[in-house]
Number of protein chains: 2
Amino acid sequence: MARAYNFSAGPAALPLEVLQDAQQELVDYKGTGMSVMEMSHRGKDYDAIHQEAVATFKELCGLGDEWSVVFIQGGASMQFAMIPMNFLGAGQTADYVNSGTWGNKALKEAKKVAALRGASVNIAADCQKDIPTRQPDSFSWTKGAAYAHICTNETISGAEMKVIPEVEAPLIGDMSSDILSCERDYSKFSMFYAGAQKNLGPSGMAVVAIRSDFAEKGPDSLPTMLQYRTYTKENSLYNTPPTWGIYIFGETMKWVKRMGKENLFRLNAEKAKKIYYVIDSSDFWTGTALKEYRSNMNVTWRIKGGDETLEAKFLAEAKAAGMSSLKGHRSVGGLRASIYNAFPMNGVDALVAFMKDFEKKNG
Amino acid sequence: MARAYNFSAGPAALPLEVLQDAQQELVDYKGTGMSVMEMSHRGKDYDAIHQEAVATFKELCGLGDEWSVVFIQGGASMQFAMIPMNFLGAGQTADYVNSGTWGNKALKEAKKVAALRGASVNIAADCQKDIPTRQPDSFSWTKGAAYAHICTNETISGAEMKVIPEVEAPLIGDMSSDILSCERDYSKFSMFYAGAQKNLGPSGMAVVAIRSDFAEKGPDSLPTMLQYRTYTKENSLYNTPPTWGIYIFGETMKWVKRMGKENLFRLNAEKAKKIYYVIDSSDFWTGTALKEYRSNMNVTWRIKGGDETLEAKFLAEAKAAGMSSLKGHRSVGGLRASIYNAFPMNGVDALVAFMKDFEKKNG
């Protein structure tokens, strides 16, 4: 079987070992005579999968008993709505950092909720439209804000927050594209979350880590499924959770543990460095993000400062060479290589060799 | 491999063929070099899966161009919230039929939304607490109601609505546990939906069929992810959909088509009839639901009118004989056999033989 080099921004490459194990167990999970997809979410076989997935993730992030880890359907986009619905009360202000497409999407949903409730949203920093793309370097936080929201890695612009800002208000982080990809002090947050389909597993849920007392702050007049306490109090089992997704997530977390997270973090930095090294080696390429904010997960760049004909040629030839989904998002253009935890080093080596060859032929 | 007879109410048994095909394709989907779980939801390989799933379901339900079929994460429980949020405006009244646990859950969420909005909920019929369990036989509908909501099959009580009531208001049906299990005129509805994990596929989404003009009635001040138009206008691709679940759903719909839906409907009736025949054959057993409302999907019954010791013995011995998840829900007690489309006839035959033997030994 020829395995594709899949540079997709999400859903994205999963660890081959995880896929192979899931394949083996798909019809008959460990002699139960049924697939994980067929198991009652109230039964003991599924319960063991669920508990282990939560425990492994908590261990990897260094989270203590004060934290709940819950699975909420709807991806990060549903979190954009749930966060202000739960935490932005009438007369309150929430701080949002507009660092790019995703920071802005979160901000927009908060504004919708604020408009209905008579609450306010303060933009603590705004660099969404800056090219080269970046993360902000200064912030104007609101005294007594209900919470502050940041997006630690902008998947589209390829700009990553290298230092988590110090904020007085409860800090909420969208880490959809860089969770568990680098050393990070998660204790700075009151809540952090990630759509699963980049670094954690298949699409179909957000993994949400939230301090249990913070989860209680939401009004209980909200619909049941939109309150965080519904998930924290019932261990994500108020209704049927996305059992298959949680299973693959758990297997992926066990893979991270087997690999060793420090080892994986080091490999992530090395993978990114190899591509940035080629980008910086000649004027043929230009990085889309400012150097100090370059993402290790989503490498974004242009050819000859934005030669679309040459970029299209690059994409077509890369695709023919087995490298897919290298097209940058239309809002920043150019090229993007998403290289999450599960993306293999040999795929990066193949891209780097291809880039050098392409430059030689077209430079 | 010994395949379990899995009588779980959901997640539930899937067609073995679907599981085997999914297993074969799990690591490498049709030579793409990647798993369906790894594919970009914007790429052409996934797009074909998505389009075919929608088209096959529409064909099976006989839905024309005026209908949208969308995938919304959060299961039926999220629909309980989204329906009133979208369709129950200030000063309006919605009619709800409280036919059991699930009808009541939908009703409760509508009341929450109504309380915040200054709207009303009318209980058009109430038989939630009746034992034997049943569906209502008369209704008091509100003139000019915003919509009317019914649950066509109560999974827990085992009572199914055999005739869809005639209602003037737009009719919304929760069909989580009996969608595509019997002949039904779906054109009577403005919207119907089902949590996927019973008759359609794995957990993690609701399949929602909605008339496109009805979807537009929701206020656009709602969070983006909570408006139906977000899904109908972007073919469920506003954000990353639960791609694996949609793939398995599509494969299951193709299986229904291969089996022939009329054939499947006939088999469903036959499977249920075999179990009810044993229940009615002696006083040892009592059906939980009134005969005229007996569900063909969830067969519920008691031993000796509710002998819990004997029921526990039945469950333990059934489990040892390879029949799992036969325990009734605590709210009605006793036993339950959930026998959705994918549950095989030989599993029903095994249960029937086991019941006869158990009665002989314990009667």
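## Sheet and interface briefing

In chain A, strand S12 (residues 298-303) and S14(A) run antiparallel and are joined by four bridges; helices (H or I, at least four residues) and strands (E, at least two) are DSSP runs, numbered from the N terminus. This is a predicted model, where local features need pLDDT of at least 70 and side-chain atom pairs count only at pLDDT 80 or more, while totals for chains, interfaces and linings use all residues. Side-chain values use heavy atoms, leaving out hydrogens and water.

**The sheet in chain A**
- Thr300(A) has Arg336(A) in S14(A) as its bridge partner.
- The open sheet has three strands in the order S11-S12-S14 with antiparallel pairing (two strands pair if DSSP finds at least two bridges between them).
- S11 (285-287) and S14 (335-338) of chain A each have a single partner strand, so one side of each is left without a neighbour in the sheet.

**The interface of chains A and B**
- In chain B, 64 residues are in contact with 64 residues of chain A (heavy atoms within 4.5 Å).
- About 4,900 Å² is buried between the two chains, 59% of it on carbon and sulfur atoms; buried area is the accessible area (1.4 Å probe) that two parts lose on being put together, summed over both.
- Val27(B), Met37(B) and Glu38(B) lose the most area on the chain B side, together 14% of what that side buries.
- The two chains share two salt bridges (a side-chain nitrogen of Lys or Arg within 4 Å of a carboxyl oxygen of Asp or Glu).
- Glu38(A) and Arg3(B) form a salt bridge through their side chains, at 2.6 Å from N to O.

How values were computed
Residues numbered from 1 in each chain as written. Chains lettered and ligands numbered in written order.
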